Amino acid sequence: MDRYGFCHLSCLPVRAEASDRSEMVNQLLFGETFEVVDAFGTWKVIRGSLDKYEGFIDQKQFLPISEETFTYLKQSQDRFPQNILSWVTDAKGQKTLLMPASSMAGFKNGLLNFGDHKFEYDEPLSDPSKGVSGHSILEAARLYLNAPYIWGGRSLTGIDCSGLVQNVYKMNGIKLHRDASYQAKQGEILNLISEALPGDLAFFDNDAGEIIHVGIVADEGKLIHASGHVRIDDVDHNGIYNQQIRKYTHKLRLIKRIL
């Protein structure tokens with residue numbers, strides 16, 4: 001059984017069960033790696049390098065890699081496409097669309113080689129090691145405005161609330177958990193929404209007290225989040241207020257500072 005893999009597609013669905021009809025619970029983006037922890041026929045149970053998130057993927061949708069390549073990519077400085085959309089070219093001259101938060105770790109002078117595979121990329125890359133700020137967090141978040149909401153999504157073609165937060169922080173060199181309830185365990189608690197700064201995270205719960213939603217604090221009284229689509233709404237000590245329908249849609253539970 002192949003022990004490690006590399007996502008060479010724009011985005012790869014990770015499913016709850018070993019079936020194409022199963023619920024998509026996550027996506028991998030180009031350049032992300034994972035461990036293969038089990039197999040059910042042509043389906044592999046994988047554990048993502050970014051967040052240890054597990055799920056099923058079809059063996060036709062990834063490239064097996066050696067432990068040496070896996071370690072090299074994990075230890076390489078992760079960088080990301082600066083352009084909102086760009087393309088990487090493989091050894092056959094075929095192009096693959098890259099979206100924000102695609103991982104370009106291991107590329108040197110525009111090239112990535114491992115085994116029989118080669119990828120070329122001649123567009124500028126961002127370097128999160130140069131520093132992160134509230135401004136850089138919001139700049140990344142705004143790339144996703146109007147992207148449709150899709151459960152388990154992490155791409156411009158569909159993204160969920162925690163996928164948005166994870167991607168935005170990833171592009172700024174910070175690893176967060178995949179789900180909102182686990183992201184809520186990271187960072188420092190703030191007492192009041194009035195204390196929040198751009199880039200802080202706001203979490204929202206249901207009537208049972210379970211964390212079910214997360215968004216990124218923007219300018220004063222505003223929140224970027226994925227609900228229907230990635231949008232900017234008002235937020236206060238009660239929760240998220242949607243001006244279009246003139247009602248609160250999510251109840252505020254807590255504020256966290258990650259930076």
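Me: Of the 259 residues of the protein, what percentage count as buried?
Reply: Happy to start there, with a reminder that this is a predicted model. A residue goes into the buried group when its relative accessible area is under 20%. Across the 259 residues, the share that counts as buried is 51%.

Me: Is D58 buried or exposed?
Reply: D58 sits in strand β6, which covers residues 54-58. Its relative accessible area is 5%, and the cut-off for burial is under 20%. Therefore D58 is buried.

Me: Which side chain does a polar contact join to that of D58?
Reply: Here we are looking for a pair of N or O atoms within 3.5 Å. Such a pair links D58 to another side chain at 2.7 Å. The partner is K60.

Me: Which residues does D58 touch, not counting those up to four places away in sequence?
Reply: Touching here takes heavy atoms within 4.5 Å. With residues up to four places away set aside, D58 touches D20, T42 and W43.

Me: How far apart do the centres of the positive and negative side chains lie?
Reply: Let's take the two sets in turn. The protein has 28 positive side chains and 33 negative ones. The distance between the centres of these sets is 1 Å.

Note on methods:
Residues are numbered from 1 along each chain as its sequence is written. This is a predicted model: local features need pLDDT of at least 70, side-chain atom pairs count only at pLDDT 80 or more; totals for chains, interfaces and linings use all residues. Side-chain values use heavy atoms; hydrogens and water are left out. Helices (H or I, at least four residues) and strands (E, at least two) are DSSP runs, numbered from the N terminus. Buried means under 20% relative accessible area, exposed over 50%, partly exposed in between (1.4 Å probe, protein chains only). A polar contact is a pair of N or O atoms within 3.5 Å; within protein, one must be able to donate a hydrogen and the other to accept it, and residues adjacent in sequence count only if both atoms are side-chain atoms. Lys and Arg count as positive and Asp and Glu as negative; His and the chain ends are not counted. The place of a charge is taken as NZ of Lys, CZ of Arg, CG of Asp or CD of Glu.
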